[in-house]
Every structure is written in structure tokens, then in C-alpha cells.
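Morning, everyone. Have a look at the model on the screen, and then I'll walk you through some contacts.

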2 protein chains.
Amino acid sequence: MKIVPIRFANSELVLLDQRFLPARERYVRCRSAEDTARAIKSLVVRGAPAIGIAAAYGAYLGIAGAERVSGASVCAELRRVNALLSAARPTAVNLFWALERIEKAAAYTAIKGPAEQKKAVLLEARKIHADDKRACSAISRYGARLFPKGSRVITHCNAGMLATGGTGTALGVIYAAGKKIEMVYADETRPVLQGSRLTAWELARNRIPVTLICDNMAGAVMSRGKADAVIVGADRIASNGDTANKIGTYGLAVLARHHGLPFYVAAPASTFDLSLKRGEQIIIEERPSDEIKNISGKIIAPPGVHVWNPAFDITPAKLITAIITDRGVIKAPDRDRIAEILSRKPSCGKSGKKGE
Amino acid sequence: MKIVPIRFANSELVLLDQRFLPARERYVRCRSAEDTARAIKSLVVRGAPAIGIAAAYGAYLGIAGAERVSGASVCAELRRVNALLSAARPTAVNLFWALERIEKAAAYTAIKGPAEQKKAVLLEARKIHADDKRACSAISRYGARLFPKGSRVITHCNAGMLATGGTGTALGVIYAAGKKIEMVYADETRPVLQGSRLTAWELARNRIPVTLICDNMAGAVMSRGKADAVIVGADRIASNGDTANKIGTYGLAVLARHHGLPFYVAAPASTFDLSLKRGEQIIIEERPSDEIKNISGKIIAPPGVHVWNPAFDITPAKLITAIITDRGVIKAPDRDRIAEILSRKPSCGKSGKKGE
């Protein structure tokens with residue numbers, strides 16, 4: 001089953017509107033950087049790698065219409081557009097990483113004039129998209145080796161086809177492990193319910209056995225001996241391995257440690273932010289209270305009540321068994337091991353034992 | 001602010017329908033044991049102590065109409081009625097405890113004839129109600145001493161006025177601690193959202209500062225140093241202190257331990273089941289999948305997806321700092337300390353240091 005959350009054709013970025021899944025398969029067409037920024041902010045598209053890809057195409061849309069300008073002013077226009085896109089969501093580093101790649105592509109071709117620059121920017125966006133697809137494949141192959149036959153796995157949020165340009169990070173691993181996976185417990189992932197609406201939907205469509213649970217049931221799954229491992233994606237990983245991911249990831253990591261279960265993070269190299277020493281430096285997005293107080297217009301809390309709604313939390317590296325990247329598996333992640341693995345060339349994950 | 005979730009007058013049991021809170025204040029009138037069993041099963045009334053009280057009145061309604069019967073047949077009729085009420089929900093032991101008291105009251109008065117028996121049964125139901133109110137007061141006073149000025153507390157589900165015949169167990173403690181409480185973080189408590197719909201509502205109406213969070217945010221609250229303690233109610237406590245409470249309680253206890261925070265359980269003596277050696281022996285109710293897949297008719301998950309929906313989990317005694325009862329505080333609960341405190345006479349919690 002193929003799900004195409006991001007498509008670029010005929011000067012349009014077509015995004016599967018993930019807010020309406022699984023009830024409806026609706027698409028949003030973005031024709032400008034503004035459209036794209038709005039789509040990212042409102043969660044039409046979400047998942048760190050997917051946000052990066054969408055932003056790259058959005059940057060292209062932002063300069064594609066700019067006529068009769070010099071090479072230098074394409075760069076200036078791109079900076080304006082990228083500032084807009086950067087402001088859409090603060091935590092996923094892939095967004096900033098992708099926009100940096102786009103800016104470089106424009107700068108390198110400035111001498112050739114606006115037409116060539118635009119071509120180069122679109123090419124770079126397509127390359128970011130294709131690179132992410134390849135990264136998913138590599139992550140999936142490296143990760144699949146970590147799961148023995150009969151594995152029962154808990155996952156949180158959605159780090160699958162809907163969150164990336166490929167088969168996913170955490171879910172990519174599960175797809176690649178295939179028949180070795182006996183059961184995936186999908187946390188519903190409040191407040192936006194990416195687990196029930198997206199992960200359960202995506203896994204079921206791909207015939208992976210899945211059981212939907214509320215976030216607060218993961219402890220009971222573990223204490224009853226129903227789970228063998230936890231695997232999640234990531235939105236930003238500091239140079240020491242501290243990982244920002246969907247709110248609730250940290251609690252899951254503490255539970256996994258308490259039960260002696262391995263806790264895996266799966267993410268491409270683009271999710272690492274080596275400029276940050278520790279997780280505390282990662283900016284955590286706080287989202288509107290309505291996400292918690294309403295579900296599709298239905299009020300589920302007293303109207304005036306105060307709400308705290310952080311979209312992410314930080315899992316310290318010491319709670320992470322391994323980070324599965326497209327360059328290889330970083331066991332017991334720390335600054336040195338991360339630097340070592342990330343310095344490798346991207347691979348397709350076929351390189352046998354070396355990558356582990 | 002007074003909330004009256006259970007009222008018995010004019011041969012009617014009037015229950016505040018907690019399924020519609022906070023949007024609507026609607027009442028359900030029960031005129032038979034069948035009505036009452038249905039109300040308990042469908043969560044019109046919930047919370048272990050409240051279930052016990054409602055069941056006691058329900059048992060009375062079941063025999064009140066029985067005419068021209070002997071004392072022995074009132075007892076027989078009561079057994080039939082109680083079997084019906086017992087089947088409504090399996091985990092909260094207060095239900096069985098209350099029905100046992102009712103049966104004894106009928107048996108002791110069998111010799112006096114049906115009319116006297118019915119009177120005795122109603123009297124016993126009213127006594128169960130009044131006893132629970134007193135138990136809440138005692139728990140509240142004992143518990144309040146454990147919270148220093150400026151306390152920031154996480155709670156789960158609803159163990160307040162809506163769950164008991166008094167001011168509550170966990171929330172009773174918070175009300176009694178009053179101005180010493182700087183903030184209560186209320187877990188929304190999926191899937192039935194007792195935290196957002198009931199606890200946040202109840203606390204706000206009583207002017208206690210409250211912040212609503214999703215269940216998966218409690219870890220982030222703790223890791224950011226925003227909480228000093230956790231307090232919850234209980235549905236059944238085994239003789240060794242293992243505690244069944246709303247699903248998610250266990251995960252919260254693991255998190256509290258990881259962060260070195262005290263984890264308190266507040267419950268009346270009627271919540272202890274001394275016939276059970278360990279928590280594993282407690283029957284855990286599994287509820288319909290629709291509770292997770294729909295929110296008020298709105299589909300939030302793929303229709304065919306498999307769901308696991310246990311209503312409770314077991315927190316082992318070793319993760320519990322203290323159980324706050326109406327007989328005193330049981331620190332580091334174990335079989336001996338529990339037996340010792342429960343052997344005390346019920347008190348109003350005014351007895352100073354003795355109760356601790």
C-alpha cells in the first residue's frame with residue numbers, strides 16, 4: 001500500500017491533509033511559501049522529515065514567482081521566504097536543515113542568474129525528498145536487524161510513511177522487520193492523536209498487526225509482559241544524544257528502563273543538531289490549549305481551565321538503548337559515538353555488520 | 001461550592017450524570033436495582049466509594065417493592081438483586097463491600113419481618129453514605145499534613161466530590177490542604193476523560209489552581225521540576241498494599257519514583273480487600289473499544305482497528321510512599337502496617353499525631 005503525503009507537480013505542492021485522517025483523504029494544494037507555512041503550522045503535514053521536505057518545496061514556491069530579479073535578490077527573497085517558513089514550527093530541526101540546503105543551492109548558482117537558481121532550488125528540494133526516502137530505507141534495514149522474531153513493540157506518535165519521504169523511521173524499521181513483528185502497540189498520542197489516526201491507520205493498511213492503546217496504558221502493556229521493545233522517531237537530537245520527540249516519549253523511555261526493555265530512536269542524520277550540547281537547549285513548541293480542550297469542536301474540558309500543551313519532550317541519551325540512523329546504529333549514544341557514525345557516508349543500509 | 005452526585009429521596013436514587021459533565025448538569029433517576037446497575041455500568045456514577053454508595057441504595061430499591069414476602073425471602077430477593085449489581089463493574093471493591101453490609105443488615109433483621117428489614121436496609125445504605133462522607137473528612141485531614149506550603153501536585157482521574165459521598169479522597173486531601181497547594185496538574189485521563197471533564201471542573205469550581213495536561217505530559221511536568229508529589233485514589237487495595245486504580249496510575253508511580261517524588265494513594269478502609277494477597281489477584285475490567293475509538297460519536301481511529309482498553313492497572317506497594325486512609329497514614333505500606341492501621345477504630349482524623 002502506497003501513501004503519498006507529499007507530492008510536487010505542476011508548480012504545486014500537494015499535501016495529504018493529515019488532520020482529517022482516517023475519516024477522510026483530503027489534499028491541500030500549496031501554491032506559495034505562505035500556503036506551505038500555514039500547512040506546516042496547522043499540522044496538515046507533520047513529522048520532522050516530512051516538514052523538512054515540505055519546507056524545501058515551499059521555499060521554491062516562494063521564489064518561483066519572483067520575476068526579473070538578479071541572482072543576489074533571489075537569495076534575498078529566499079531569506080525572507082525562509083524566515084517565514086522557519087517560524088512555522090520551532091522544534092523539528094529538519095525544517096532548518098532543509099532550508100539551509102536550499103539557501104546554499106541558491107547561493108552556489110547566484111552567478112548563473114535567477115532562472116538557473118530557481119532550477120537549482122527545485123532540484124535541491126527534490127534531492128532532499130529523495131535523500132529522505134533513501135535515509136528511511138537505510139534506517140529500516142539497520143533497525144530491522146535489532147528485532148528478533150516474535151517482537152512485540154510499542155510506538156508513539158507517527159514516524160511512518162506519513163511523516164517522511166519514504167517508508168518512515170520507526171515504522172520503516174517495523175515494515176522492514178515485517179513478519180518478525182508479532183504486534184505493534186500504537187499509543188494514540190494525545191492531544192492530536194497521531195497514533196490512532198495515522199499510525200494505526202498506516203499499519204493496518206500495510207497489514208502489520210496493531211493494537212491501539214491510550215498513552216497511559218503503555219505501562220500496563222509492559223508490566224503484563226506484553227512488550228519487548230519501544231521504538232520512536234525524533235524531531236531533534238542534540239550532539240550528546242538527548243532527543244526531542246512527541247510529548248510522552250520521555251515517559252515511555254522511563255517506563256522502558258524500569259522494565260528493562262530496549263528503547264530505540266530511529267532518525268536520519270538530518271535530525272541531529274550538532275550545534276547543541278544538550279537536550280535542554282532544544283526549543284520546545286507549546287501549542288494552543290484548544291488542542292486539549294476540544295476534539296473536533298466537541299468541548300471536553302471546562303472552558304476557562306488553564307492548560308499546558310508542550311508538543312515535545314526531551315528524552316536524555318542515558319535512557320536510549322540505541323539511535324538507528326541512515327549511517328548506522330549508535331548503541332549507548334554519546335557525543336563520541338554520534339560524531340563517529342555521523343561522519344560516515346550515507347549508505348543504503350546494505351553494508352552488513354559495519355553499520356552496526 | 002457543593003456538588004451532590006448522589007441523592008436519595010422519595011424512593012428515588014438521583015445521580016448526577018457524570019458522562020455529560022462539564023457541558024451539561026443532567027440527572028438520572030433510578031427507581032429500581034436494574035436502573036442502578038445500568039447507571040453504574042455506563043459510568044453515570046463512577047469512583048469506587050460512589051459506586052459503593054449507589055449500589056447500596058440500588059439494593060434497597062431492589063427490595064423496596066417486594067410485597068407480602070417473608071423475612072427469609074427478602075434475603076433471597078436481596079441476593080438476586082445484589083448479584084445483578086455486583087456484575088455491573090468488577091474492580092472497585094467498595095461495590096462488593098457495600099452490598100455485603102446491606103445483606104447483613106437484612107439478615108440481622110429477618111426475624112422482625114419484611115417491613116423492618118426494608119427499613120434496616122435503607123438505614124444501612126444511608127449509613128454507608130454518611131460513613132463515606134466521614135471517611136473523606138478523616139482522609140483529608142490526615143493527608144493535608146503531608147503537603148507543605150507551595151506544593152505542586154499531579155493527580156489522575158477523579159477522586160473528588162464526584163467520586164465519593166464527601167469531599168473526595170485524593171481531592172479531599174487537596175481541598176483540606178487548601179492554600180498550601182500552589183498548583184494541581186490534572187491528567188485528562190483517557191479514554192473517559194475524568195480528569196478534564198470532572199477533576200478540572202471540580203477543582204476550578206472550588207477555586208483550587210489547576211492546570212489540565214494530557215496523560216503523557218506528566219513526565220515532562222516532573223522532569224522540568226514543576227511537581228512535588230503525586231496523589232491518586234484507589235479502586236481496590238490488596239492486603240500487601242498493591243493498588244488497583246484508573247489506568248495510567250502505574251505509569252505515574254514509575255515516573256514519580258524515577259524523579260524521587262512521593263507517590264500517595266488516598267482511600268477509605270472500605271477500598272482494602274484483605275482477602276487478596278497481591279495485586280495480580282485483582283480482576284481488571286476491560287471496557288469496550290468504542291471508548292477509545294470514538295469521542296461523542298466522532299470517529300478518531302480506523303474503524304476496524306484492534307483496541308486494548310483496560311480500565312485499571314496495578315501499582316505495586318513498593319512504588320507507593322504512603323496510603324492515606326480514614327484510620328491514619330500507612331507509610332511504606334506492607335501487610336503488617338496495613339493490618340495494624342486498619343485495625344484501628346474509624347476516626348475523624350482530628351486525633352493529632354496518633355493517626356500518622
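**Salt bridges and a helix pair**

Start with Asp273(B) and Arg236(B): both are buried (under 20% relative accessible area; exposed is over 50%, partly exposed in between, with a 1.4 Å probe and protein chains only). This is a predicted model, where local features need pLDDT of at least 70, side-chain atom pairs count only at pLDDT 80 or more, and totals for chains, interfaces and linings use all residues. Residues are numbered from 1 along each chain as its sequence is written, chains are lettered from A and ligands numbered from 1 in the order written, and side-chain values use heavy atoms, leaving out hydrogens and water.

Back to that pair. Asp273(B) and Arg236(B) form a salt bridge (a side-chain nitrogen of Lys or Arg within 4 Å of a carboxyl oxygen of Asp or Glu). Their closest N and O atoms are 2.7 Å apart.

Over all chains, the structure holds 46 salt bridges. Which residue does Glu188(A) pair with? Arg190(B), at 2.6 Å between the closest N and O atoms. Each lies in the loop between strand E5 and helix H7 of its own chain, so this pair joins two chains. Glu188(A) is buried, at 0% relative accessible area. Arg190(B) is buried too, at 1%.

Last, the helices. Tyr250(A) and Leu255(A) are among the H9(A) residues that meet H9(B) (contact means heavy atoms within 4.5 Å).

Methods. Helices (H or I, at least four residues) and strands (E, at least two) are DSSP runs, numbered from the N terminus.
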